[in-house]
Amino acid sequence: MENSLPNGDFKAEITLSGGTGRTTIQSPADIHIENGTITAELIWSSPNYDFMEIGGVGYTPVSNDGSSVFSVVIPALDTELPIKAETVAMSAPHMIEYTLLVSCEELRQTEQPEESSEISSYTESVISETPSDASNASSTPNFPVFAAIIGAAVVVAAVIVILIKRKKK
């Protein structure tokens, strides 16, 4: 599925479960997609996390100013990912297990040309109206991704038309 994702910067809803339930990750989170690789900026509600592990890959924070911030590669969207994070808030560092879900259903592009705002609003509404019922998944595989790709193509086409009109003036 990831290879069909459009390149760009997006916002995606994040769900974190596990641990004590007191710690959260800021949602929506910034997501960067390039050539099928999904990189997320995860901002923890605590500055006390000094290590994360996702899919056997370890990460250290890119910032600890007020919150622990990690830039991590996400192997898949709309999939519950087991992760581990080490906190130093206790008497000794502890590795805590969590489950992370990065939702493709609410994926929104963050930078869009002003001229295409109506088109992007329509694209966002199409993506957000996608059924999230798991039983529906087999009948509409990858619909949010397909809608995002079509929406991106419409935005690009609109920008090209606007540029052509400007050039003719």
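Leaving aside its neighbours within four places in sequence, which residues is Met52 in contact with? The list is Leu42, Trp44, Val57, Gly58, Tyr59, Phe70, Val72, Ile83, Lys84 and Ala85. Keep in mind that this is a predicted model.

**The nonpolar core**
- Met52 belongs to the largest nonpolar core, a set of 28 residues.
- Together with Trp44, Val72 and Ile74, Met52 is among those with the most contacts inside this core.
- Strands E1 (8-18), E2 (29-34), E3 (37-43), E4 (49-54), E6 (69-74), E7 (81-87) and E8 (94-109) each give two or more residues to the core.
- The top contributor is E8, with five residues.
- As general background, nonpolar side chains in soluble globular proteins tend to be buried together.

**Aromatic rings**
- Three aromatic pairs turn up when the whole structure is searched.
- One of them joins Tyr49 and Tyr98 edge-to-face, at 6.4 Å centre to centre and with 65° between the planes.
- Since Tyr49 sits in strand E4 and Tyr98 in strand E8, the pair ties together parts that are 49 residues apart in sequence.
- Tyr49 has a relative accessible area of 2%, so it counts as buried.
- Tyr98 is buried too, at 6% relative accessibility.

- Val156, Ile160 and Ile164 make a nonpolar surface patch of about 260 Å².
- You'll find Ile164 in helix H2 (residues 143-168).

Note on methods. Residues numbered from 1 in each chain as written. Predicted model: local features only at pLDDT ≥ 70, side-chain atom pairs only at ≥ 80, totals over all residues. Heavy atoms only, no water. Patch = residues over 30% accessible without salt bridge, like charges linked within 9 Å, V, L, I, M, F, W, Y side chains within 5 Å. Areas by Shrake-Rupley, 256 points an atom, 1.4 Å probe, with all protein chains shown as cover. Salt bridge = Lys/Arg side-chain N within 4 Å of Asp/Glu carboxyl O. Helix = DSSP H or I, 4+ residues; strand = E, 2+ residues; numbered from the N terminus. Core = buried A, V, L, I, M, F, W, Y, C linked by side-chain atoms within 4.5 Å. Buried < 20%, exposed > 50% of the residue type's maximum accessible area, 1.4 Å probe, protein only. Contact = heavy atoms within 4.5 Å. Phe/Tyr/Trp six-rings, centres within 6.5 Å; stacked < 30°, edge-to-face > 60°.
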